[in-house]
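This report goes through a protein and its ligand in plain terms. Please look at the sequence and the structure first.

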Amino acid sequence: MAEQDMLLSPAGVEALRTALTRARFTSNGIADRLGPQATGGVARNDFRAALKATEDRDPLATLIRVFICDQTEPEAVVAAALAPLDLAEAVEGGLLERHGDGVRAGVDLEPYGDEWWVLADVPASARPGRPLHSEHVLGIGGATQTLIGATVRRPVGTALDLGTGSGVQALHLSTHARSVTATDVSPRALRFAATTAALNGQDWELLRGDMVAPVAGRRFDLVVSNPPFVVGPGTTTHVYRDSGRVGDAIGSELAAAAPALLTEGGTMQYLANWVHVAGEQWDERVADWFAGTGLDAWVIQREVADPMAYVNLWLTDVGEAADPQRMAAWLDWFDAHKVEAIGFGIISLRRGGHADPVVRVEDLRQRVEPPMGDQIGAWFDRQDFLQVRDPEALLAERYRAAEGLQLRQEATLGDEGWAVDRQVLAMPHGLRWTEEIDPLVLALVGGADGRLPLRDQLALLAVAHDVAPDELAEAAGPIVAHLVERGIIEPVAD
Ligand SMILES: C[S@@+](CC[C@H](N)C(=O)[O-])C[C@H]1O[C@@H](n2cnc3c(N)ncnc32)[C@H](O)[C@@H]1O
């Protein structure tokens, strides 16, 4: 990266790295220094104990006070903590800003993991009343973490992060991709990403432009994006949030772009909002985004918000919660377009090369066992298994019920004892699916111990339940496929 493309000069970044490493300004270093009580307080934005623990203002204490507790500290003390980085360069680059009779953080400089630092803008909540820069660079928020957790982390050759911002997704990609490309439309964001990369000793290809435009004609093994997915009239005030597209068009646009972006077997994962329109099925509407793409698609809806809560959330995010005009205009747009609710979730696409790709759109709002990316990877593996087997071949396999599978029953006590009203299978691990099932399927799952091919197991069940074996086998096909897809029963390798 050329010098002007970072917040500091290359020598300045190196000096900053030296200062941070020397002071042990890392997650573990800070936790060791503050102890559990003050660390817990910091997580709740209660800095009292942390400030007490850092009163002696050695370099680590000073860095904690400035970058974690958002304090203004005397220039000479901060200069000593950041040495060999020159304080004037830190101010010039925006890392620090003069405030009162000292200096304070100009950016959010966070240790991340025990090896990394991430540079982003100071969030709106930390400086109430100060308007956010239109090219505000997002720190590590909830959506950022959702994508980090949902990404399938398998070794790949080439990876792309669309809308990189601070560069945090690219940092994670660098742990399992041989090369990382990251794009952003915002020159400011690219300056932050380039600085994050250099500070962590990384070498990424950084490109500027609108969504996939900078990588037109190129393909990647893995593409991730936490795009500006917020839905509304298409007005752009803050580039981290607003795509300039009307409604949820950014989600469908990325879906349409995916086939040309992915290598054979490649995966693309992105976050999106989608509108629930009165009189339309939200899941069918979203499924339409993938029709004709030739990609396997799994859309997981994790949250649903009503328009008022949604607008409030995003106005608060930029510190504009008290702007009734903005709120009214946004809500009017939702009314005019019959938007009843807004869904949020994770879209995972894979170029599996199957003749009849699967498109699954479902609600999955339960708490899941992290990391979700492992579950998503396994789901695509199971699709590979299912897509090369017709119903006959499916029944020829042996299956074992998922480990720890639970049965939950609801029953009513009557004259003849307990009468079962409802039986629910519950997976205690992974995605923690729960499914209401009938006694026959329950028997099928209960008997799946990996010994008999399913067809033989079904023949025994047919006798026990007095049904014709062929009819049972025919009816079982789609049920078995569903149970396999969700990992409730797993094929046993020979
Ligand atoms: C929600 S932030 C995500 C930042 C970071 N990747 C993360 O996960 O925290 C969205 C990013 O997309 C960038 N962006 C906005 N519009 C874009 C566009 N049309 N093309 C490319 N990037 C865009 C923004 O500058 C911002 O950095």
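The model is predicted, so local features need pLDDT of at least 70 and side-chain atom pairs count only at pLDDT 80 or more, while totals for chains, interfaces and linings use all residues. Residues are numbered from 1 along each chain as its sequence is written, and side-chain values use heavy atoms, with hydrogens and water left out.

**The ligand**

A residue is near a molecule or strand if one of its heavy atoms lies within 4 Å of it. There are 19 residues around the ligand, and Thr144, Gly163, Asp184, Asp210 and Met211 come nearest. The shell divides into eight nonpolar, eight polar and three charged residues. Here Ala, Val, Leu, Ile, Met, Phe, Trp, Tyr, Cys and Pro count as nonpolar, Asp, Glu, Lys and Arg as charged, and the others, Gly among them, as polar.

A polar contact is a pair of N or O atoms within 3.5 Å; within protein, one must be able to donate a hydrogen and the other to accept it, and residues adjacent in sequence count only if both atoms are side-chain atoms.

| Residue | Its N or O atom | Ligand atom | Distance |
|---|---|---|---|
| Thr144 | side chain | oxygen | 2.7 Å |
| Thr164 | backbone | nitrogen | 3.1 Å |
| Asn226 | side chain | oxygen | 3.0 Å |

Taken alone, the ligand exposes 590 Å², and the protein buries 97% of that. Accessible areas come from the Shrake-Rupley method with a 1.4 Å probe; for residues, only the protein chains shown count as cover.

**The aromatic rings**

Rings of Phe, Tyr and Trp (its six-membered ring) pair if their centres lie within 6.5 Å; planes under 30 degrees apart count as stacked, over 60 as edge-to-face and the rest as tilted. The count comes to 13 aromatic pairs. In one of them, the rings of Tyr310 and Trp330 have centres 6.4 Å apart and planes at 85°, so this pair is edge-to-face. Both Tyr310 and Trp330 are buried (under 20% relative accessible area; over 50% is exposed, and in between is partly exposed). Ring pairs also link Trp274, Trp282, Trp289 and Phe290 into a cluster.

**A helix residue**

Thr21 belongs to helix H1 (residues 10-23); helices are DSSP runs of H or I, at least four residues, numbered from the N terminus. Thr21 has a relative accessible area of 47%, so it is partly exposed. A polar atom of the Thr21 side chain lies 2.6 Å from the backbone oxygen of Arg17.

Key:
Helix = DSSP H or I, 4+ residues; strand = E, 2+ residues; numbered from the N terminus. Buried < 20%, exposed > 50% of the residue type's maximum accessible area, 1.4 Å probe, protein only.
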